[in-house]
Amino acid sequence: MKTKLKPRDWLLILLPAAVCRGFVFWLRTGEPVFQKYLFLASHLADSGNRPFYSSPIYTIWVYLTSELMGFTPDILRLSQHLFGLLTVVVLVQTVYLLKGRVYAIASGLLYGLTLPVLIYESDLVTASLVIFVQSLAVLLLVSSLLERQSKSHHWLLSGLLTGISIGIRPNVMLSVPIIVLTLTGFRRISELKILRATTFLVGLILTIAPITLFNFVNTSEVIPVTGSGGSVFYSSNNFRA
């Protein structure tokens, strides 16, 4: 039987992570950020008939956050640090389910104090959001696989979250075959396993379909999702760009 995580365990994990994020936020307050997504967010409404080729979901998130709180880089930094703390919580819960208390505490401390992660969170880059979203999807998948009575809405929600991750960073799509194979059980395939994999894929498609449809309407080309480097690739191969 696993030893449960105690309040002091959470304090040990979250306090250093919060202090480090507060220190990095203080150091970078007022500093300029990567302007690409601020520019795209500020021109989202008049983007014209171009396809989404620069992480549409991250751009929309920056736009919505900025509309609520103003186009202030420090506010966006702070929100991303909060997502970072939530990622620590999600990661600890996931590792706890798989390996127990000691590994969960170690992984939480390791991730919470990792310098590159802190730097990503303090700038406007897609990694700062996609790690949280996909970690949440993985937690749902792990908890559902370990339950005796799996819930279909967990598979659907994990598919939706994975689709959002792909809309932020398309290379997350590389994980989809691995997830599907895990859900189907590799060798022993059953109707239940096929059902949960199908439910996951439905959630995934529901998230990606609006991006694909938008791209098709505006370009007459099938462009499922696009990422940060898509603008160069698209403009180099399309005379209408």
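## Ground rules

Because the model is predicted, local features need pLDDT of at least 70 and side-chain atom pairs count only at pLDDT 80 or more, while totals for chains, interfaces and linings use all residues. Residues are numbered from 1 along each chain as its sequence is written, and side-chain values use heavy atoms, with hydrogens and water left out.

## Salt bridges across the chain

There are three salt bridges in the structure (a side-chain nitrogen of Lys or Arg within 4 Å of a carboxyl oxygen of Asp or Glu). Take Asp 9 and Arg 101, whose closest N and O atoms sit 2.8 Å apart. Asp 9 belongs to helix H1 (residues 7–28) and Arg 101 to helix H5 (residues 101–112), so this pair ties together parts 92 residues apart in sequence. Helices here are DSSP runs (H or I, at least four residues), numbered from the N terminus. Asp 9 is buried at 3% relative accessible area, whereas Arg 101 is partly exposed at 24%. For those words, buried means under 20% relative accessible area, exposed over 50%, and partly exposed in between, with a 1.4 Å probe and protein chains only.

Arg 21 pairs with Glu 121, the closest N and O atoms being 2.9 Å apart. This one links distant parts of the chain too: Arg 21 is in helix H1 and Glu 121 in helix H6 (residues 115–121), 100 residues apart. Arg 21 is buried, with a relative accessible area of 3%, and Glu 121 is buried at 2%.

## Helix H4

Asp 74 and Arg 77 form a salt bridge with closest N and O atoms 2.9 Å apart. Both lie in helix H4, three residues from each other, or about one turn, and both are buried. An α-helix has 3.6 residues a turn, so residues three or four places apart point the same way.

H4 covers residues 73–99, and its 27 residues should span 39 Å; the end C-alpha atoms are 38 Å apart, which agrees. (The expected span is 1.5 Å times one less than the number of residues.) Just after H4, Gly 100 takes a positive phi of about 105°.

## A nonpolar patch

Leu 213, Phe 216, Val 217 and Val 222 make a nonpolar surface patch of about 420 Å². Patch members have over 30% relative accessible area and no salt bridge; nonpolar side chains are joined within 5 Å, like charges within 9 Å. Areas come from the Shrake-Rupley method with a 1.4 Å probe.

Val 222 sits in the loop between helix H10 (191–219) and helix H11 (230–236), and counts as exposed at 65% relative accessibility.

Technical notes:
Helices (H or I, at least four residues) and strands (E, at least two) are DSSP runs, numbered from the N terminus.
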